[in-house]
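Subject: Handover of a structure for your review

Dear colleague,

Please find below the structure I am passing on to you.

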Amino acid sequence: MSGLFVTFEGGEGAGKTTVLREIKKRLDEKGKKVVMTREPGGSIIAEKIREIILDPAHTEMDSRTEALLYAAARRQHLVERIVPSLTEGYNILCDRFIDSSLVYQGVARKIGIEEVFKINLFATDGLMPHKTLFFDIDPEIGLKRIASHGGREYNRLDRETLDFHYLVRQAYSDLQKKHPERIQLIDASETLDNVIEATWAYLEPLIR
Ligand code: TYD
């Protein structure tokens, strides 16, 4: 596989999706082969699973069901889009991937990172991102940002308490410390322009 597989991770309102779009635009302008995608989703079947997972009406969803659905969506996305694109030499910029499951389902939902890693290993056959960017922001500020611009769809996870989002942040931070060679910390409390420049400075030399 010749493309670089990059994932964008972080809590709500960290700005990662906006940054991702800007980075994709700049790479397109440089003539790089880049695919932008997201999880849960990124293929027709996976987007259908996404609708089930994120539907605010599905209040009775069990945590393990949720974890399995994310893993199922990931499997389909990987087989249909990620692996073929990497093989064709595309760089992939993916909004969320396995670390979201480790953090949200493993830690915040308290299933356990090891358990969630196991089902994800089944889903991904061990394919991990080459690089992951962790957009770090205080959840209180992140959630305020979302509330102030609106725009983004309201989903089932937005109903969670502030404590849940603090667990998410702590879990990302722990993962970053555990895998510093793969996961790069980006301070997302900066202005959007600064966050974009920091991301660009890190990523641009790595893109193939
Ligand atoms: P989305 O609207 O894409 O949110 P964001 O803009 O924050 O990325 O919704 C995705 C939600 O799903 C988000 O709250 C994180 C959650 N999620 C998990 O809990 N586990 C996962 O494996 C993935 C991929 C996402």
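The lining of the largest pocket consists of 12 nonpolar, 13 polar and 13 charged residues. Please note that this is a predicted model. The pocket in question holds about 930 Å³ of space. Its lining numbers 38 residues, and the closest to the pocket centre are Lys16, Thr17, Asp95, Arg96 and Arg152. Several elements each supply at least two lining residues, including strand S2 (34-38), helix H2 (44-54), helix H3 (63-87) and helix H8 (192-203). Helix H1 gives the most to this lining, with 5 residues; H1 spans 16-29.

The second largest pocket has a volume of about 250 Å³. Sixteen residues line this pocket, and Leu102, Ile113, Leu175, Lys178 and His179 lie nearest its centre. Two or more lining residues come from each of H4, helix H5 (113-124) and helix H7 (162-178). H7 provides the largest share, 6 residues. By residue class, the lining of the second largest pocket divides into 8 nonpolar, 2 polar and 6 charged.

The volume of the largest cavity is about 80 Å³. Among the residues that line the cavity are Gly11, Glu12, Phe134, Phe135, Asp136, His165, Val168 and Arg169. Strand S4 (131-136), H6 and H7 each give two or more residues to the cavity lining. That lining is made up of 7 nonpolar, 2 polar and 3 charged residues.

As regards packing, the largest nonpolar core has 32 residues, and Phe5, Ile82, Val103, Tyr104 and Val168 have the most contacts inside it. At least two residues of this core come from each of H2, H3, strand S3 (91-95), H4 and H7. H3 contributes the largest share of the core, 7 residues. Which residues does Val168 touch, not counting those up to four places away in sequence? They are Gly11, Val103, Tyr104 and Ala108. A second, separate core has 20 residues, including Leu20, Leu27, Val195 and Ile196.

Yours sincerely,
A colleague

Definitions and conventions:
Residues numbered from 1 in each chain as written. Predicted model: local features only at pLDDT ≥ 70, side-chain atom pairs only at ≥ 80, totals over all residues. Heavy atoms only, no water. 1 Å grid on protein atoms, 1.4 Å probe; cavity = no way out; pocket = protein on both sides within 12 Å on 5 of 7 lines; lining within 4 Å. Points joined across faces, edges and corners; volume = space filled by probe spheres on them. Helix = DSSP H or I, 4+ residues; strand = E, 2+ residues; numbered from the N terminus. Nonpolar A, V, L, I, M, F, W, Y, C, P; charged D, E, K, R; others polar. Core = buried A, V, L, I, M, F, W, Y, C linked by side-chain atoms within 4.5 Å. Buried < 20%, exposed > 50% of the residue type's maximum accessible area, 1.4 Å probe, protein only. Contact = heavy atoms within 4.5 Å.
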